Amino acid sequence: MAFKRRCTSGGTDSFALVTISGGATCSGIPNGTYTDAVTGDVRTVTNGTLSVAAPGKGNLRVYVLNGTGKIGTAGPYLK
């Protein structure tokens with residue numbers, strides 16, 4: 001399962017790509033720097049497309065445009 005969401009409210013413009021239990025390729029997205037809120041992985045998009053891997057069942061990746069980085073510390077449920 002994968003989806004993308006954009007929120008433009010109150011002067012905020014945010015964009016997130018989410019994939020759960022498998023990889024996904026999202027196209028038609030704004031170019032820029034995306035940071036995964038789960039792992040801290042950083043990707044630069046220059047062609048409007050981002051391919052993401054989330055191997056295994058129940059794994060989640062949330063790439064946020066101009067995101068601040070990984071949320072939380074690594075532990076048994078967040079790696």
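Student: How many aromatic pairs does the structure hold?

Tutor: This is a predicted model, and the structure in it holds one aromatic pair. The partners are Phe 15 and Tyr 34, whose ring centres are 6.4 Å apart.

Student: Stacked or edge-to-face?

Tutor: The planes of the Phe 15 and Tyr 34 rings stand at 80 degrees, and since over 60 counts as edge-to-face, the pair is edge-to-face.

Student: And which strands do Phe 15 and Tyr 34 lie in?

Tutor: Phe 15 belongs to strand β2, residues 12–20, while Tyr 34 belongs to strand β4, residues 32–36, so the pair ties together parts that are 19 residues apart in sequence.

Student: Is Phe 15 buried or exposed, and what about Tyr 34?

Tutor: Phe 15 is buried, and Tyr 34 is buried as well.

Student: Switching to the backbone, what is phi of Ser 21?

Tutor: Phi of Ser 21 is near 55 degrees, which is a positive value in a residue other than glycine. As a general point, most residues other than glycine have a negative phi.

Student: Where does Ser 21 lie, then?

Tutor: Ser 21 sits in the loop that runs between β2 and β3, the latter being residues 24–27, and with a relative accessible area of 39% Ser 21 is partly exposed.

Student: What about phi of Asn 66?

Tutor: Asn 66, again a residue other than glycine, has a positive phi near 55 degrees, and Asn 66 is found in the segment after β7, which spans 60–65.

Student: Buried or exposed, that Asn 66?

Tutor: Asn 66 has a relative accessibility of 61%, and because exposed means over 50%, Asn 66 counts as exposed.

Definitions and conventions
Residues are numbered from 1 along each chain as its sequence is written. This is a predicted model: local features need pLDDT of at least 70, side-chain atom pairs count only at pLDDT 80 or more; totals for chains, interfaces and linings use all residues. Side-chain values use heavy atoms; hydrogens and water are left out. Rings of Phe, Tyr and Trp (its six-membered ring) pair if their centres lie within 6.5 Å; planes under 30 degrees apart count as stacked, over 60 as edge-to-face and the rest as tilted. Helices (H or I, at least four residues) and strands (E, at least two) are DSSP runs, numbered from the N terminus. Buried means under 20% relative accessible area, exposed over 50%, partly exposed in between (1.4 Å probe, protein chains only).
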